[in-house]
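Reader: I would like to go through this model term by term, asking what stands behind each word. Please set every value against its definition.

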Amino acid sequence: MAEASGRHSPSGHDEDFVSEVEDDFQCLICHLPLKDPVQTRCGHRFCKECLEEHFRWQEIGRVPLTCPADRDGLDRNQEIFPDKATERKILSLTIRCPNNGCEWTGKPTNKKVHLESCPFQQVACANKNCHEKVQRNHLTHHENNVCPWRILQFTYCTEPHPDCIMQGHIRQCSKFPVACPNSCDPIYPFDSVSNHTKDECPLTIISCPYAGMDCNTKVQRQEMEYHLESATRIYLALLCIKLNNTEDMLNKTEYELNTTKALLNETRVELKNAMALLELSSVKHNNAFLWRIDSFSDMLKETKNGGKRE
């Protein structure tokens, strides 16, 4: 009986053979059907990799190389031989597909080709960031309908997002349809509902356009036209009052302006007179005022002639 090393993974054929494999075709180390079988000088068969691993441990321990079955010394280069006949026998045996539900049977050499198309083989999802594996016959359904990382096109903005992120995008999407906050019938994209409410919604409460004339009425937009029609006379009266008040203010302003102009003219006259007096008082001769009298020479001659003018 070979030593049970337990130091490495089994190297033999770990397959589901249709018929039981004879003991002579099983590795004395891993106890599986031989893979790349070799035979020692002493007649024992092992998987090539199993025996090499046994020798590696002996080299690490610095002990002589021996057969794992009978402890006889072995020369690695001269006393170990490939067992091609045993290999052919093993590879001629029939194995089953390792996948549950698959009924394929065939030679071990055909297993790899079969698994590349086996509908029951576990394969990785092709969607980015998905690390799940599913049976090949379920792969299309998983990738297109189940996978949380499958790419979806959002109906309203057509932006592509993985399904697991789409719900978060929906809550933020500017094109997602939402109901008017006033509960009117239509729905609008999220980014335009505020404009609808402000400028269009018939249920929005708005102020009367005559608020500047002391009308404090507020009604729904759809009722504003009726309000204006029913209050036309009131608005005309308010308009007349506003107009009269404006006219009175204009008249008052005009009166104040005319008064200001009259005061300005009086001030100008007084200023002119003051300037004339100032000029008169500044003319002096030998410390005496000089009085200028027009036609003085004519008046002097008339006096000399007894009041008669020449």
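Author: Let us begin with contact, which means heavy atoms within 4.5 Å. This is a predicted model, in which local features need pLDDT of at least 70 and side-chain atom pairs count only at pLDDT 80 or more, while totals for chains, interfaces and linings use all residues. Residues are numbered from 1 along each chain as its sequence is written, and side-chain values use heavy atoms, with hydrogens and water left out.

Reader: Which residues is Cys 47 in contact with, leaving aside its neighbours within four places in sequence?

Author: They are Ser 11, Gly 12, Cys 27, Cys 30, Pro 33, Leu 34, Lys 35, Asp 36 and Val 38.

Reader: What makes a nonpolar core, and which residues have the most contacts inside the largest one?

Author: A nonpolar core is a set of buried Ala, Val, Leu, Ile, Met, Phe, Trp, Tyr and Cys residues joined through side-chain atoms within 4.5 Å. The largest has 21 residues, and those with the most contacts inside it are Cys 27, Cys 30, Phe 46, Cys 47, Cys 50, Leu 51 and Phe 55. Strand 3 and helix 1 are the elements that give two or more residues to this core, and helix 1 gives the most, with three residues.

Reader: How do you know what span is expected of helix 1?

Author: The expected span is 1.5 Å times one less than the number of residues. Helix 1 (residues 48-60) has 13 residues and reaches 19 Å from its first C-alpha to its last, close to the 18 Å expected. Its buried residues pack against strand 2 (37-40), strand 3 (45-47) and strand 4 (80-82).

Reader: Why are strands 5 and 6 said to pair?

Author: Two strands pair if DSSP finds at least two bridges between them. Strand 5 (residues 95-96) and strand 6 have two bridges, in the antiparallel sense, and therefore meet this definition. Ile 95 stands opposite Gly 106 in strand 6.

Technical notes:
Helix = DSSP H or I, 4+ residues; strand = E, 2+ residues; numbered from the N terminus. Buried < 20%, exposed > 50% of the residue type's maximum accessible area, 1.4 Å probe, protein only.
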